[in-house]
Amino acid sequence: MTAQALDEIKIGGLGASRKRVEDNRFIRGKGNYTDDITLPGMLHMEILRSPLAHARITSIDASKAWDIPGVHLVLTGDMMATRNLAWMPTLSYDTQAVLATDKVRFQGQEVACVIADDPYIAKDACEAIDVEYEPLPPIVNPMQAVAEGAPVIRDDKENQADNVIYNWEVGDAAATDRAFEQADMVSRLKLHYPRSHPSPIECCGSIADFNRATEKLTVYMTTQAPHIIRAAVALVAELPEHMIRIISPDIGGGFGNKVPVYPGYVCSILASILLERPVKWIEDKTGNLISTGFARDIYLDGEMALRQDGKILGVRMHCDADHGAFFSDAQPSKFKIGLLHSAFAAYDIPAAHLTARGTYSNKAPGGVAYRCSFRVTEAMFFQERMVQAAADDLGMDQAAFRRMNFVRDEDFPHRTPLGFLTDSGQYGKCLDVALKAVGYEEFRKQQEEARAKGRLFGLGISTMTEPLGAGNSREYDILGIKMFDSAELKVHMTGKAIVRTGARGQGQGHETTWAQIVSHELGIPAEDIVVEEGDTDTAPFGMGTYASRSTPVAGAAVAMVSRKIRAKARKLAAHLLEVSEEDIEWELGRFYVRSAPDRGVTIQECAMAAYSNMPDGMEPGLENTAYYDPPNLTWPFAVYIVTVEVDPATGVWDVLTTVAVDDCGVRINPMIVEGQIMGGLTEAYAMANMQFITFDAEGNCIGSNYMDYLLPTAWETPGFELHSEVVTPCPHHPIGAKGIGECAAVGGPAAFVNAVIDALSGTGVRNIDMPLLPDRVWEALTYRRDVSGAPPVRSDD
Amino acid sequence: MTVVYDNIGDAAEEGAVPVRRITFTVNGRKKVAEVEPRLLLSHLIRRGLGLTGTHMGCDTTNCGACTVLMKGAGEVGGGRPVKSCTMLAVQVDGREITTVEGLATASELHPLQEGFKEEHGLQCGFCTPGMMMAAKALLDENPDPTEEEVRWALSGNLCRCTGYQNIVKSVLWAAAKLRAEAAG
């Protein structure tokens, strides 16, 4: 390196806690979210939803709605059916009703739409639509779904004689059976991970704008995956793909909620085509909470085969997943229950077997990857709850039991018993850092002393390793579309640049961090690079942003396209310096002659030459595109430790400390990484403490607004202590980065729950299902029994 | 007269929709509008005035994304924080409101805006305007709040991205800067 090399941190490269570019508009109230867009002649759409969970529609009379001045169109299922749009395909090879024709299958299902001059008029008109229903018995959990004589929810489907969607298995059943035969002890745990809703503050919405003159359809919408939506619209609406432009403007949080295709999008598009005017649909919060992608709602029956010394010999898991009325998960198609089989990836276990059954119910379609890589949250929660129970059953120390069973640093790449190949990690070191930070030994002493005085302290450990960055394309596709991603980089003649990717951020700071990757690769100051995403007419094809795949895949593509640019710039440098390419060295921002380091040219000089002084025979310009198909998933690791105090009189628990040790490989922007971890920990705390959506026996959604669906505020949310000292670069990612956006939400919940259960040690309580509401904790403490969170069965059975 | 919210549709029967004229001040400018009595303040702000920095999240006074400051005639100070999704537009008649667009001057950001950027107090940005308005009301009253006071003052505003820790830091950053400015 010569004295003229740039200081990477100063130019905002890799490792710089660069302040975010996108903030400049958000702090001024100048963001551009879907609802902020107004188009000339725009109409407004509102949706009429079903009040019942399961009912046959006997009649729909919309005549009064048509009569209201200002109403332009009323859409019902029958009208959709004449255009073959009453049903649409889902991302999981199922179908979903756009507007109900025969039956309603969950409370809040879309029954009709009104398009009017004004949303107030459209809402009035929705109320004027008369729908008559004949109620049918609702099914609200998987046990009811498979009970003999259960009504068949999906009687619209041929060959669907029951409510089972799939039976899926992975692992080695015979080897697992043998492990259990050899076990000294079997630890068993039944758990329920309750329904939850990602609930970004911004609800879903779209503005469809079909232009009859150009035949082009432009849709502004809240989507995390604009290119997937373009493909879906092309297939569903039978429009040519090049005449569809999906623009995803600023998104007010996604967390997986804005991946699926929702009926509202489809209806606004059809309405715009019929009326030839822009049609805006903005969902209200209740609509968002009761009808759009739920997450979780899954039951576990887990068993662990143990040797007396603490070695885990085998794991057996059976899961029942409640998918709601339509199987509309957005997940890799080969895996019916997401990546649930990532469970126990961090532990060295000889044999494991997982079976899963998916069932329909009279609830909104669920199973979205809520801040996780396709059911990894459930996998890690089950794993860490089972690990805690097993250590307790053995009478072993929680930390020692984990350490003993961890995959060791020298064993990577490691093939997990359920089929993944983990890439790297320092699991024991992460645990050491976390134990030291929380003062483990000291806390155990305090816990003992407090116990003697009737105070209940608890400590919960959770670890997680998350498979992030789908694909590779061999194994990962959605409806056959391979899961790779892309980046396009254009360097202008003055050395400024624009980078576009197939991802679509929702607050992760792509506009800041993608520039930092280019800066790291090319030495162009980050402030000279603009980032653009979310417009399918300009961005290269990509699968979008969810499952923490942006940095592992699109971020890798940004690095790879930068290297293509650098390779061409090297040729330009050789031309400018009048030496051969082999005699040239690169340092940040500059090529120089190896034998004469003072002779060099900057990347900006190369850029100018690409437009003004290229060698004979060279194609002008300095632009390129890279498609990145990752060789493997990236595998971050984390240890979360939480300490709590439980009030035995009320069951209320307070968090004393939360320690997070995240090893996500190389951190592009440490400030942003820490922001992601704190956000994830808060959602973890929320799920453990208060955030769930349940249903009564009639299928009424309890949690249809923020009065009932509790989200933590600044007042409840505890403070977090983050540690970044363990760094295991990803061996196959171009800059060594791993995913991080979701880790804390994935691994966090078990730490909070384990802490409360630990506080109850000695009472015989092995489980309280989430959320650990005060009444549940109080019940467990008072009656010394486990508390299940399974929803009620019908009272009139 | 400026009609800031006009709802041009097919002609209704004479007198079918009652309309009320209101006068108010927004970000220091006087406005007149004719509005339906049921029109929400948040819709007047967003659609009528085109001030889309005030966001609508929950429609039920829970999330606080629509928080603006409101001041009655004769009241002193910067105004009280109100959630504009559960106020009617007619309620601002004769009153003064400040939205996020009124925080900065033409050349200078408000210290709260700087603080949110400095301390990474936002991610998706959707709750941010409401957070800053609630925080402004706090700092107008209490220039030197504790962390606990900040958390309490913001407890009517939900954020799903940040986990609040950096939001609290942002507000404390702004408080320190405002105090330093006041000390001259």
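Predicted model: local features only at pLDDT ≥ 70, side-chain atom pairs only at ≥ 80, totals over all residues.
Strands here are DSSP runs of at least two residues, numbered from the N terminus.

**Entry 1**

I noted another cis bond, from Met770(A) to Pro771(A), with omega near -10°. Pro771(A) sits in the loop between helix H18 (743–759) and helix H19 (774–783) of chain A.

**Entry 2: positive phi**

Next I checked phi. Glu215(A) isn't a glycine, yet its phi is positive, near 65°. I traced Glu215(A) to the loop between strand S11 (205–211) and strand S12 (216–221) of chain A. Is Glu215(A) buried or exposed? I got 10 other C-beta atoms within 10 Å, so Glu215(A) is exposed, the cut-off for that being 12 or fewer.

Arg784(A) is another non-glycine with a positive phi, near 50°. I found Arg784(A) in the segment after H19 of chain A. Arg784(A) has 12 other C-beta atoms within 10 Å, so it counts as exposed too.

**Entry 3: a hairpin**

I then followed strand S26 (residues 584–587) and strand S27 (residues 590–593) of chain A, which pair in the antiparallel sense over four bridges. Trp586(A) stands opposite Phe591(A) in S27(A). With two residues between them, S26(A) and S27(A) make a hairpin, and Gly589(A) in the turn has a positive phi of about 90°.

**Entry 4: the core**

Which residues touch the most other members of the largest nonpolar core? I wrote down Leu99(A), Val114(A), Val518(A) and Val756(A), out of 315 residues in that core. Helix H15 (residues 550–577) of chain A gives the most to this core, with 13 residues.

Leaving aside neighbours within four places in sequence, Leu99(A) has contacts including Leu75(A), Met80(A), Val111(A), Pro263(A) and Cys267(A). Glu110(A) and Thr76(A) are among its contacts as well.

**Entry 5: where the chains meet**

Last, I turned to the contact between chains A and B. Chain B puts in 45 residues and chain A 46 residues. On the side of chain B that touches chain A, the elements giving two or more residues are helices H2 (111–118), H3 (128–141), H4 (147–153) and H5 (165–183) of chain B. Sorting that side of chain B by class, I have 19 nonpolar, 19 polar and seven charged residues.

How values were computed:
Residues numbered from 1 in each chain as written. Chains lettered and ligands numbered in written order. Core = buried A, V, L, I, M, F, W, Y, C linked by C-beta atoms within 7 Å. Buried ≥ 20, exposed ≤ 12 C-beta atoms within 10 Å, placed from the backbone. Contact = placed C-beta atoms within 7 Å. Pairing = 2+ DSSP bridges. Nonpolar A, V, L, I, M, F, W, Y, C, P; charged D, E, K, R; others polar.
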